[in-house]
Amino acid sequence: MIEYRNLRIALLGGGSVGAQVAALLREHGDELASRAGAGLELVGVAVRDVNAERHPPIPQHLLTTDAEALILGADIVIELIGGIEPARTYILQAINSGADVITANKALLATHGPELFDAAEQVGAQLYYEAAVGGAIPIIRPLRDSLAGDRVERILGIVNGTTNFILDLMDTKGESLESALATATALGYAEADPTADIEGYDAAQKAAILASLAFHTTVPLEAVHREGITSVTPAQVESARKAGFVVKLLAICERLVDPVTGVAGVSARVHPALVPLSHPLASVHGANNAVFLEAEAAGSLMFYGAGAGGIETASAVLGDLVSAARRHVIGGPGVAESTHANLPVLPITSVTTRYQITLSVIDQPGVLATIASMFSDHGVSVEAVAQSVSPATVVVAGTDEPRATATLVIGTHEATEADLAATVAALKSSEVVSAVVSVLRVEGL
Ligand code: NDP
Ligand code: HSE
């Protein structure tokens with residue numbers, strides 16, 4: 001029997017993820033010790049209420065409300081409280097007391113990441129966060145280590161399970177956003193405040209983390225363009241499918257050159273997008289996540305799996321624990337965050353992409369030509385137009401006669417955000433357009 005040095009593990013948080021980490025650590029402690037080369041002794045679990053029911057249960061003697069005392073005696077601290085405070089203060093205390101830290105806290109990393117990484121670097125501690133993006137999916141370590149010799153060009157990620165679950169139910173079952181959200185909440189996928197999911201805040205935090213890692217550049221959360229899914233309608237989802245697309249909330253991180261200024265930089269954005277049914281991301285169903293990545297040498301890679309869930313996320317946390325323990329055994333400084341490239345972070349207006357615009361128009365001769373000229377006047381090139389007769393009629397101002405309408409679905413070639421916005425503004429004020437029904441970006445073609 002090998003005698004290992006014992007490492008003292010402090011767990012902050014005994015909720016959905018924390019309780020699973022505690023249970024798996026007790027269940028598989030010997031096996032993990034063999035992999036880490038050190039015994040992993042869970043010395044305590046800090047919570048708010050030591051009498052609350054926990055799933056799975058945590059032995060009562062491990063529970064405490066004194067997180068600070070727990071941190072001071074620990075070799076490795078696992079932060080699974082979530083939110084900004086007191087998580088930030090506890091992590092800084094842990095780092096400054098010489099412990100390595102593991103966290104799943106995307107909200108904290110996206111807003112205070114540089115402060116935490118600097119603190120860790122100063123004392124030679126390590127900050128691990130595999131669970132912060134994509135739950136169980138290994139994506140942080142592949143970006144930091146496996147792809148360190150390559151050049152990541154672009155990431156298209158489905159990184160929020162709740163919104164993918166909702167859009168999937170809208171697509172496959174024709175459900176409304178509200179009823180699909182109620183199901184997602186009942187199944188425990190959504191954040192405590194589901195606004196974080198449906199308005200894209202959670203995905204934006206993850207986009208900031210991914211873009212910073214992928215491009216060796218600090219990408220602040222404020223620089224991530226964010227649109228949620230609340231304006232996506234069942235009709236849009238249905239017409240997307242008929243046209244060979246599925247609507248997904250994507251986190252897109254890419255290198256790009258601003259078409260006007262010529263500045264080369266990176267950008268990160270989160271918004272609903274049309275994804276061709278033939279793209280691998282189109283087959284990501286339910287609450288699953290996937291990160292589709294294009295690198296210069298590796299080509300296309302996709303990382304897929306459970307993006308949320310207590311036990312699934314605990315898998316990533318325990319992987320970090322084994323890595324942290326190995327480093328304690330071997331010694332040496334931690335790996336610092338790589339921000340050497342320090343590229344300009346460009347706004348959404350620097351982005352060029354394709355669009356699909358759905359219009360309700362007056363059905364009369366010459367309308368198509370009028371609309372086509374509005375696109376060309378603003379430098380937007382039309383790739384395809386599909387027209388269908390609409391059962392709806394409109395009454396044009398100044399007349400009493402109801403007029404027949406048609407639905408036009410217009411696909412564009414790549415255009416800038418600014419040109420597209422000017423085109424949409426012109427369409428909205430045109431007499432022949434009764435409604436701009438939807439404007440969606442098309443990604444993954
Ligand atoms: P929960 O809300 O289920 O658990 C939070 C835990 O923190 C609870 O045990 C709570 O104690 C404890 N806690 C809260 N405030 C304090 C405090 N001031 N001092 C001590 N303990 C405190 O969160 P999750 O387990 O779902 O999430 C944990 C982290 O993992 C978050 O950062 C989250 O974003 C991240 N994450 C979660 C995923 C998931 O699927 N759940 C997926 C990926 C990441 P008490 O139980 O007594 O209230
Ligand atoms: N609410 C998040 C999601 C949990 O739906 O993906 C995982 O971060």
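Which residues are around ligand 2?

Reply: Happy to! Please keep in mind that this is a predicted model. The residues around ligand 2 are Lys106, Asn160, Gly161, Thr162, Tyr189, Glu191, Asp197, Asp202, Lys206, Gly307 and Ala308.

Now for the individual contacts. An oxygen atom of ligand 2 has a polar side-chain atom of Thr162 at 2.6 Å. Gly161 takes part through its backbone: one of its N or O atoms lies 2.7 Å from an oxygen atom of ligand 2. On the nitrogen side, a polar side-chain atom of Asp197 is 2.8 Å from a nitrogen atom of the ligand. As for cover, ligand 2 taken alone exposes 260 Å², and the protein buries 90% of that. Two elements give two or more residues each to the shell around ligand 2: helix H7, which spans 161–173, and helix H10, which spans 201–215.

While you have the model open, here is a helix pair to look at as well. Two packed helices are described by the angle between their axes and the distance between the axes. Helix H13 (residues 367–377) packs with helix H14 (residues 417–428) at an angle of about 150°, and their axes are 8 Å apart. Angles over 145 degrees count as roughly antiparallel, so H13 and H14 are roughly antiparallel to each other. The crossing that H13 and H14 make is right-handed.

Key:
Residues are numbered from 1 along each chain as its sequence is written. Chains are lettered from A and ligands numbered from 1 in the order in which they are written. This is a predicted model: local features need pLDDT of at least 70, side-chain atom pairs count only at pLDDT 80 or more; totals for chains, interfaces and linings use all residues. Side-chain values use heavy atoms; hydrogens and water are left out. A residue is near a molecule or strand if one of its heavy atoms lies within 4 Å of it. A polar contact is a pair of N or O atoms within 3.5 Å; within protein, one must be able to donate a hydrogen and the other to accept it, and residues adjacent in sequence count only if both atoms are side-chain atoms. Accessible areas come from the Shrake-Rupley method with a 1.4 Å probe; for residues, only the protein chains shown count as cover. Helices (H or I, at least four residues) and strands (E, at least two) are DSSP runs, numbered from the N terminus. Axes are lines fitted to C-alpha atoms, for helices over the stretch in contact, and angles run from 0 to 180 degrees between N-to-C directions. Angles under 35 degrees count as roughly parallel, over 145 as roughly antiparallel, 65 to 115 as roughly perpendicular and the rest as oblique. A crossing is left-handed if the near helix is turned anticlockwise from the far one by less than a right angle, and right-handed if clockwise.
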